[in-house]
Amino acid sequence: MPRTLSFCLTTYDKDYHLLPRVWESLRLQTEAPDEIIIVSSGLPVSPVQGGSVVIAGKGVPVYIANSSKRLTAAGARNFAGAMASKEIIQFFDGDDYLHQNHIQTTKAFFEKDNSAALLHTYLKSNNSISPAMSTPHPYDKSNLETVKWSKKINRFSVKDQIQADGVAAGPLAILSHVFESVKYRKHCVEDSDMLYQLLIGLKLTVKCYGFPLMTYFPANETGRPKMGSDDLMLAAPSEII
C-alpha cells in the first residue's frame, strides 16, 4: 500500500510574500500529497484560503490555521503536525521551493525504508527559477546516506553533498507516529532545526537524500513576488475529487 503524506507548510510575516512561488512548486508536483496544511503566524489574517487544489490529477484538501501572534519555527511546526492525519508528515518552509518530484521521492523512500525521518539537501537560489527545479529525477536509493551523530551542530555525513549547497535540517519528513512522541523543542528558536539530532539520540534512524530536490530562497531577497494575486486562491471544497 502506498504511504499517505501530510504536507505541512509554515509561513511567517517575514516570508509570506514568497507563498505564490511555493504554491506554484506544489501544483507542479509529479505526485500529490494527501492533504496540505498551512500554518501562518505574525499576520492579522491568513494570506490564503482553505478548500482544495488539484495536483497531478488528484484533488487535495487544504486546511488553514492562522495565528496573529508570531510563533517560533518549532511552535508553528508542532501546530501543523498536530493537525496532520496521514502516515508521513513533510514539513516545509515558506522560503523554499519544491523540485518537481520532491513529494514522489519522499513517498517512495518511506515505502521502501523503515527509517524514522528523511532530510533533503537543497540548492540556494540566486533569485531565479533554474531548469533543475522542473526536471524530474527518479528516486534512487544510492543517493541515501544515514545521518551520523556529530557534536558539531549541523554537521552531516552526506556523499559530497551531491551538487547541493546544504542540508535542510528543519523541514524534514517524519513518520507521524514518531513525531507524536518527540515533536520540535520550543524553548529555543535554534532548536527547531535539531529534531533530527533528537531522533538519532533516541537510536532512531535518520537518512538524507543527497540529490537536491528543493531550493532555498532567502526571505530578504530582491525581486520577490507580491501578495494578493489570484494564484493564492484555492478551489472550493465542493471541487475536491
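Modeller: Before we start, a salt bridge here is a side-chain nitrogen of Lys or Arg within 4 Å of a carboxyl oxygen of Asp or Glu. Please also keep in mind that this is a predicted model.

Colleague: Okay, and how many salt bridges does that rule give?
Modeller: By that rule the count comes to 6 salt bridges. Side chains of opposite charge can pair when their charged atoms come close.

Colleague: Which residues are linked in a network of salt bridges?
Modeller: The network of salt bridges links Glu31, Asp34, Lys58 and Lys107. Within it, the side chains of lysine 107 and aspartate 34 meet in a salt bridge, with 3.0 Å from N to O. That pair links distant parts of the chain, with lysine 107 in helix 3 (residues 102-112) and aspartate 34 in the loop between helix 1 and strand 2 (35-41), 73 residues apart.

Colleague: Is lysine 107 buried or exposed? And what about aspartate 34, buried or exposed?
Modeller: Lysine 107 counts as buried because its relative accessibility is 5%, where buried means under 20%. Aspartate 34 counts as buried too, at 15% relative accessibility.

Colleague: What does aspartate 93 form a salt bridge with?
Modeller: Aspartate 93 forms a salt bridge with arginine 77, and the closest N and O atoms are 3.1 Å apart. Aspartate 93 lies in strand 5 while arginine 77 lies in helix 2 (residues 73-83), so this pair ties together parts that are 16 residues apart in sequence. Aspartate 93 counts as buried at 13% relative accessibility, and arginine 77 counts as buried at 3%.

Colleague: And where does lysine 207 come in, which side chain does it meet?
Modeller: The side chain of lysine 207 meets that of aspartate 113 in a salt bridge, at 2.8 Å from N to O. Because lysine 207 lies in strand 10 (residues 206-209) and aspartate 113 in the loop between helix 3 and strand 7 (117-124), the pair ties together parts that are 94 residues apart in sequence. Lysine 207 is buried with a relative accessible area of 19%, and aspartate 113 is buried with a relative accessible area of 13%.

Colleague: Switching to rings now, how many aromatic pairs does the structure hold?
Modeller: The structure holds 5 aromatic pairs. In one of them, the rings of phenylalanine 7 and phenylalanine 92 have their centres 5.5 Å apart and their planes at 40°, so the pair is tilted. Phenylalanine 7 is in strand 1 (residues 5-12) and phenylalanine 92 is in strand 5 (residues 88-93), so the pair ties together parts that are 85 residues apart in sequence. Phenylalanine 7 is buried, with a relative accessible area of 0%, and phenylalanine 92 is buried, with a relative accessible area of 1%.

Colleague: Why is the pair of phenylalanine 91 and phenylalanine 179 called tilted?
Modeller: Their ring centres are 5.2 Å apart and their planes stand at 50°, so the pair of phenylalanine 91 and phenylalanine 179 is tilted. Phenylalanine 91 is in strand 5 and phenylalanine 179 in helix 4 (residues 176-182), so to speak of sequence, the pair links distant parts of the chain, 88 residues apart. Both phenylalanine 91 and phenylalanine 179 are buried.

Colleague: Back to helix 4 for a second, is serine 181 buried or exposed?
Modeller: Serine 181, whose place is in helix 4, is exposed, with a relative accessible area of 59%. A polar atom of the serine 181 side chain lies 2.8 Å from the backbone oxygen of valine 178.

Colleague: How many residues of helix 1 are buried, and which?
Modeller: Helix 1 (residues 19-27) is mostly covered, with 7 of its 9 residues buried. The buried residues are Leu19, Pro20, Arg21, Val22, Trp23, Ser25 and Leu26.

Colleague: What about the surface, which residues form a nonpolar patch?
Modeller: Tyr63, Phe79 and Met83 form a nonpolar patch on the surface, and together they have about 270 Å² of accessible area. Tyrosine 63 sits in strand 4 (residues 58-67) and is partly exposed, with a relative accessible area of 40%.

Colleague: Last one, how many disulfides does a search of the whole structure find?
Modeller: A search of the whole structure finds 0 disulfides. Cysteine 8 counts as buried at 0% relative accessibility, and cysteine 208 counts as buried at 0% relative accessibility.

Terms used: Residues numbered from 1 in each chain as written. Predicted model: local features only at pLDDT ≥ 70, side-chain atom pairs only at ≥ 80, totals over all residues. Heavy atoms only, no water. Patch = residues over 30% accessible without salt bridge, like charges linked within 9 Å, V, L, I, M, F, W, Y side chains within 5 Å. Areas by Shrake-Rupley, 256 points an atom, 1.4 Å probe, with all protein chains shown as cover. Helix = DSSP H or I, 4+ residues; strand = E, 2+ residues; numbered from the N terminus. Buried < 20%, exposed > 50% of the residue type's maximum accessible area, 1.4 Å probe, protein only. Disulfide = S-S within 2.5 Å. Phe/Tyr/Trp six-rings, centres within 6.5 Å; stacked < 30°, edge-to-face > 60°. Polar contact = N/O pair within 3.5 Å; in protein donor to acceptor, adjacent residues only side chain to side chain.
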